[in-house]
Amino acid sequence: MSLALTHARFRILETIRIPVAVVGGAFFPAASMLFFVVPFAGDDAVGATYATASMVMFAVMTSSLFTYGVGVAEDRAQPWDPFSRTLPAGPAAAFAGRVLSGLTFMFISLIPVVIIGAALTAASASPGQLLLALGAVVLSALPFTFMGLAIGYALPTKAALAVAQIIFFPLAFGGGLLSAPGDAPGFVETIAPYLPTRGAVELVWAAVGDFRVSTTSMVALAVWTVAAAALAAWAYRRDEGVRFS
């Protein structure tokens, strides 16, 4: 565990030395809150609460897909990455450190969204609901973390950036993150339960409000998580085989 924390500290320090990398991850979800949630749902307590939860998942997706997807691809292009896999500690500590640092920046990206929701809208949640939401966010981040890792280990940097961008918006829009529960266009309501974004945001909606999750969405979320984890494991083994063959 101490080796994993050492790797995590290294990656965190490496990132915060370039402040725009931290600010950029938090900017888009915060800007979406300011431009779309505050003017249109800010005075509606229920609507603002659900919208803030949706923007939280928006931030989770942004952080997971790009931090892991692009970040891993960039690291693979550096000499340090293959060298670190040959160290006596093995790759597990470095991998765990990467996940811990990614979670750290994910939570940093959530802070502006929560502050804007609390300060500029009627959104509200009890301490117990916030604690449940925190657990829901961690669970909901899993499929997107695995997707990001799969992209990062399978593709070079430029391709990883493009694929992360291509995946991001359809999942966000198709999963209903850009609309209130039940208010999405008809075709979105049809496909949303089968996308991981819908199951993820439903968990957070249920944590902060009186929302009943869909069985279909939960099953789909579990299937996507397992499939993305398997794909990430395959991409990692493939990359390791190519490097050390």
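First, some ground rules. Residues are numbered from 1 along each chain as its sequence is written, and side-chain values use heavy atoms, with hydrogens and water left out. Because the model is predicted, local features need pLDDT of at least 70 and side-chain atom pairs count only at pLDDT 80 or more, while totals for chains, interfaces and linings use all residues.

I start with the second largest pocket.

Helices are DSSP runs of H or I with at least four residues, numbered from the N terminus. H5 gives the largest share, five residues. By class, the lining has 14 nonpolar, four polar and no charged residues. Nonpolar means Ala, Val, Leu, Ile, Met, Phe, Trp, Tyr, Cys and Pro; charged means Asp, Glu, Lys and Arg; the others, Gly among them, are polar.

Now the helix contacts. Two packed helices are described by the angle between their axes and the distance between the axes. Axes are lines fitted to C-alpha atoms over the stretch in contact, and angles run from 0 to 180 degrees between N-to-C directions.

The axes of H6 and H9 come within 7 Å and cross at roughly 170 degrees. H6 and H9 are therefore roughly antiparallel, a word used for angles over 145 degrees. Contact means heavy atoms within 4.5 Å. Among the residues that meet are Leu-132, Ala-136 and Phe-144 in H6, and Ala-200, Leu-203 and Val-204 in H9. This contact has 14 nonpolar, three polar and no charged residues.

H3 also packs against H9, at an angle of about 135 degrees with the axes 9 Å apart. That pair is therefore oblique. Residues meeting here include Tyr-50, Ala-53 and Met-57 of H3, and Val-201 and Trp-205 of H9. The classes are nine nonpolar, three polar and no charged.

Last, H3 and H7 (residues 157–174) have axes that come within 9 Å and cross at roughly 165 degrees. H3 and H7 are therefore roughly antiparallel. The contact includes Phe-58, Leu-65 and Glu-74 of H3, and Leu-161 and Phe-168 of H7. Its count is 13 nonpolar, four polar and one charged.

Note on methods. Helix = DSSP H or I, 4+ residues; strand = E, 2+ residues; numbered from the N terminus. Parallel < 35°, antiparallel > 145°, perpendicular 65-115°, else oblique.
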